Amino acid sequence: MSDARALARAYLEQQRLVGGDTVVLPGDSGLGARDSGGSRSGALPPSPESRAPSPAAAPSELLPPGLSFDPPSGDLFSTDPVQQAADLGAVARLVADCTRCRLCESRSHTVPGEGPVDARLVVVGEGPGRTEDATGRPFVGQAGELLTKILAAIDLPRELVFICNVVKCRPPENRAPQYDEIAACTPYLFRQLELLAPKVILAMGGTAAQTLLDTKQALGALRNKMHRFRGIPLIVTYHPAALLRNPNWKRPTWDDVRIARRLLDR
Ligand code: SF4
């Protein structure tokens, strides 16, 4: 039972014991005959159940005057600590202690992501590389510098963007994260997106796109159109690390990020 409900029930019980409102049961003569006082004939002290508010009542209606109830975000009935994480800092602390998959064994630092809580754009990449693992920060090094330039090209300072990855620990030798590692880690990403509720998501690279869209389609088939992740517009484009290897993809990337910019401006 939540604190608020326990408090409400205790308050109701206290009111019953000190003789609050009574409930008259119509046609209950036998009980009325036992009442010699007359004035309360037929009246019974209410049972806790009969005084209980309807199930549809909001929690704040159950509380004594002067007390308020601020419902926490997330799933109230979940026992998953990730779902119960109240803010991005709480998610990052859970990530820091996480041993849900084998990537915890070789990491130097977890890389939960960074950026303002009111970011309108969230960039999602694949996973930390060597420099990210060494620093605990996402998209640093060469690929990070390129991302900063890409964002600047659509007039978006990096500081205004939340940047994170599908997996929060570096896969050894920069290999792609495996299916079970992604499955273990995505609750953190999904909770971050739930808390951030951005206007647009930019999925950079096939892993981010396929994870967020729950598809096996190739990146080429996913880009150049708008998708949605839980209602949030999502654009797919190449990962900056891939652009460093193949500069021919810079032009299509520019096309994609301009779509993201237009969605932000809508
Ligand atoms: S990659 Fe994700 S699930 Fe695996 S240990 Fe790191 S934080 Fe935990």
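Tutor: Sorted by class, the shell around the ligand holds nine nonpolar, two polar and three charged residues. This is a predicted model, and the shell is described here as the model has it. There are 14 residues around the ligand, and those that come nearest are C98, C101, C104, C169 and C185. Among the elements of the chain, helix α8, which covers residues 179-196, gives the most to this shell, with three residues.

Now the rest of the chain. The model has 12 helices and seven strands. Of the 266 residues, 32% count as buried. Contacts between residues at least 6 apart in sequence join residues at least 24 apart in 67% of cases.

One of the strands, β4, runs over residues 161-165, and five of its five residues are buried. The cover is on both faces: V161, I163 and N165 lie on one side, F162 and C164 on the other, and all are buried. β4 pairs with strand β3, residues 121-125, in the parallel sense over five bridges. Within this pairing, C164 of β4 is the bridge partner of V124.

Last comes the confidence of the prediction. The average pLDDT of the chain is 82, and 71% of the residues score at least 70. Over residues 14-60 pLDDT stays under 50, and the model has 35 contacts beyond four places in sequence for these residues. Where pLDDT is low, predicted coordinates should not be read in detail.

Methods. Residues are numbered from 1 along each chain as its sequence is written. This is a predicted model: local features need pLDDT of at least 70, side-chain atom pairs count only at pLDDT 80 or more; totals for chains, interfaces and linings use all residues. A residue is near a molecule or strand if its C-beta atom, placed from the backbone, lies within 6 Å of it. Helices (H or I, at least four residues) and strands (E, at least two) are DSSP runs, numbered from the N terminus. Ala, Val, Leu, Ile, Met, Phe, Trp, Tyr, Cys and Pro count as nonpolar, Asp, Glu, Lys and Arg as charged, and the others, Gly among them, as polar. pLDDT is the predictor's confidence in each residue, from 0 to 100. Two residues are in contact if their C-beta atoms, placed from the backbone, lie within 7 Å. A residue is buried if 20 or more other C-beta atoms lie within 10 Å of its own, exposed if 12 or fewer, and partly exposed in between; C-beta atoms are placed from the backbone. Two strands pair if DSSP finds at least two bridges between them.
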